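Colleague: I have the model open and would like to go through a few spots with you. Could you take my questions as they come?

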Amino acid sequence: MMVEAKHNLKITESINQSKMTFADGMSVVAALKFIFGIKQDRIAGMDIIFDVLKYASEKKINLFLFGSEQKTLDNFIEKSNKVYPNLNFSGAISPTFGEISDLDNQNYINQINESNSQLVLVCLGCPKQELWMAQNYLKINATLLGI
């Protein structure tokens, strides 16, 4: 992601405008220490997702999944509900793996908003998910979290 951001201004802007960005890689941790003198632990998405799911279960937060293949989404929902039976998945969309058309994107946004989800787990892969979130976060009535 950092290499991509160096060569693509849109990616740099999407990172800089995010509300939270995690150091999901030891190279980022090392760079923060070397360049800025900041001691930062590595925070991988896989390390925090269980805490996010637990919190969502306890607080009865409606979750929406956006990205990946439908089979993967179904498996994620099934396994997550076994560990956290109070989870509420209010929807899941497996968009095309190529570019998302404007028409499809608006339909996806409408589905997400109509689901009354409070948290959307976005799993489109890097950097596609960061760009998608930066482009659409003002149109969606939920918090977006790239995983």
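**Notes on a predicted model**

Modeller: Let me start with Ser117, which is buried, with a relative accessible area of 4%, and keep in mind throughout that this is a predicted model.

Colleague: Where does Ser117 lie?

Modeller: Ser117 sits in the loop between helix 6 and strand 3.

Colleague: And which side chains make a polar contact with the side chain of Ser117?

Modeller: The side chain of Ser90 is joined to that of Ser117 by a polar contact of 2.4 Å, and the side chain of Ser115 makes another with Ser117, at 2.7 Å.

Colleague: What is Ser117 in contact with, leaving aside neighbours within four places in sequence?

Modeller: With those neighbours left aside, Ser117 is in contact with Asn62, Leu63, Phe64, Ser90, Ile112, Asn141 and Ala142.

Colleague: Let's follow Asn62 then; is Asn62 buried or exposed?

Modeller: Asn62, which belongs to strand 1, counts as buried because its relative accessibility is 17%, and the cut-off for that class is under 20%.

Colleague: Which side chain is joined to Asn62 by a polar contact?

Modeller: That is the side chain of Asn88, in a polar contact of 2.4 Å with Asn62. Setting aside the neighbours within four places in sequence, the contacts of Asn62 include Asn88, Ser90 and Ser117, and also Asn116, Gln118 and Leu119.

Colleague: Changing topic, how many disulfides does a search of the whole structure find?

Modeller: The search finds 0 disulfides. Cys123 is in none, and the nearest cysteine sulfur, that of Cys126, is 13 Å away.

Colleague: What kind of peptide bond joins Cys126 and Pro127?

Modeller: The bond joining Cys126 and Pro127 is cis, with omega at about 5°, and Pro127 lies in the loop between strand 3 (119-123) and helix 7 (128-136).

Colleague: On phi, then, which residues have a positive value although they are not glycine?

Modeller: Lys60 is one of them, with phi near 55°, and Ser68 is another, with a positive phi of about 70°. Lys60 is found in the loop between helix 4 (45-59) and strand 1 (62-67), while Ser68 has its place in the loop between strand 1 and helix 5 (70-83).

Colleague: Is Lys60 buried or exposed?

Modeller: Lys60 is exposed, with a relative accessible area of 54%.

Colleague: Last topic, how do the axes of helix 6 and helix 7 cross?

Modeller: The axes of helix 6 (residues 102-114) and helix 7 come within 13 Å and cross at roughly 75°, which means that helix 6 is roughly perpendicular to helix 7.

Colleague: Which residues make the contact?

Modeller: Helix 6 contributes Asn105, Ile109 and Ile112, and helix 7 contributes Trp132, Gln135 and Asn136. Sorted by class, the contact of helix 6 with helix 7 has 3 nonpolar, 3 polar and no charged residues.

Conventions: Residues are numbered from 1 along each chain as its sequence is written. This is a predicted model: local features need pLDDT of at least 70, side-chain atom pairs count only at pLDDT 80 or more; totals for chains, interfaces and linings use all residues. Side-chain values use heavy atoms; hydrogens and water are left out. A disulfide is a pair of cysteine sulfur atoms within 2.5 Å. Helices (H or I, at least four residues) and strands (E, at least two) are DSSP runs, numbered from the N terminus. Buried means under 20% relative accessible area, exposed over 50%, partly exposed in between (1.4 Å probe, protein chains only). Axes are lines fitted to C-alpha atoms, for helices over the stretch in contact, and angles run from 0 to 180 degrees between N-to-C directions. Angles under 35 degrees count as roughly parallel, over 145 as roughly antiparallel, 65 to 115 as roughly perpendicular and the rest as oblique. Contact means heavy atoms within 4.5 Å. Ala, Val, Leu, Ile, Met, Phe, Trp, Tyr, Cys and Pro count as nonpolar, Asp, Glu, Lys and Arg as charged, and the others, Gly among them, as polar. A polar contact is a pair of N or O atoms within 3.5 Å; within protein, one must be able to donate a hydrogen and the other to accept it, and residues adjacent in sequence count only if both atoms are side-chain atoms.
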